[in-house]
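Work through these exercises with the model open. Each task comes with a stepwise solution.

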Amino acid sequence: MKSHRLILFAVLMSLGAVAFAQSDVQRPLVQPDAQKPSPAPVPTEAQKSFATMKSLAGEWEGPITVPEVPEMSGGKPLHVSMRVTSRGNALVHELQEAGTPLDATKYDHPVTMLYVEGDQLTLIHYCDAGNRPRMTGKQSPDARTVEFEFKDISGSAEHHMHHAVFTIIDANHHTEDWTFMVNDKPIHAHFDLQRKN
């Protein structure tokens with residue numbers, strides 16, 4: 001009789017374990033009151049514009065056209081270097097005549113910094129004219145063009161960079177259009193650049 005009770009006890013324990021296991025299967029893996037991970041934030045327009053500009057990182061070369069000053073057109077090509085820095089928070093744009101050394105006493109070598117500031121894509125141009133114009137940029141709906149409008153300037157405004165447009169043709173070809181103001185008269189420079197690396 002004792003052995004029957006032990007067998008019955010073992011069977012009941014087994015059935016209880018199976019029932020307990022089945023009840024666990026029906027429970028959700030995540031408790032309803034547990035916090036769910038939040039979805040990734042949607043990038044702002046400024047962040048999207050900046051991502052477009054960062055896609056231009058690399059070395060570029062190509063001719064310059066300056067309609068108002070024909071003698072500046074043609075000649076040696078320009079070299080543009082763009083690199084992402086500061087853990088992805090800034091883009092450095094450096095411009096010089098191709099094949100010239102980095103000698104600031106003899107050759108132009110303006111540096112432009114781009115970064116997101118609040119809800120704006122900001123460009124500061126450290127000009128060879130000795131000033132620092134600041135512009136804000138927005139990309140076109142097709143994300144192929146980013147246009148920068150003048151906001152303000154540190155230093156003399158007599159001669160300054162006033163406007164810039166970057167247009168992506170494809171991954172290895174883009175154009176830059178810069179407007180330089182000389183005593184309130186605009187001078188337009190068009191760079192047609194091919195990727196060198």
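A polar contact is a pair of N or O atoms within 3.5 Å; within protein, one must be able to donate a hydrogen and the other to accept it, and residues adjacent in sequence count only if both atoms are side-chain atoms. This is a predicted model, in which local features need pLDDT of at least 70, side-chain atom pairs count only at pLDDT 80 or more, and totals for chains, interfaces and linings use all residues. Residues are numbered from 1 along each chain as its sequence is written, and side-chain values use heavy atoms, with hydrogens and water left out.

**Exercise 1.** Describe the order of elements in the protein.

*Solution.* 
- Count the elements: two helices and 11 strands. Helices (H or I, at least four residues) and strands (E, at least two) are DSSP runs, numbered from the N terminus.
- Read from the N terminus: α-α-β-β-β-β-β-β-β-β-β-β-β.

**Exercise 2.** Find which residues Asn 197 touches, not counting residues up to four places away in sequence.

*Solution.* 
- The partners of Asn 197 are Gly 58 and Glu 59.
- Check the separation: Asn 197 and Glu 59 lie 138 residues apart in sequence, yet their C-alpha atoms are 5.7 Å apart.
- Inspect the polar contact: a polar side-chain atom of Asn 197 is 3.0 Å from the backbone nitrogen of Glu 59.

Technical notes. Contact means heavy atoms within 4.5 Å.
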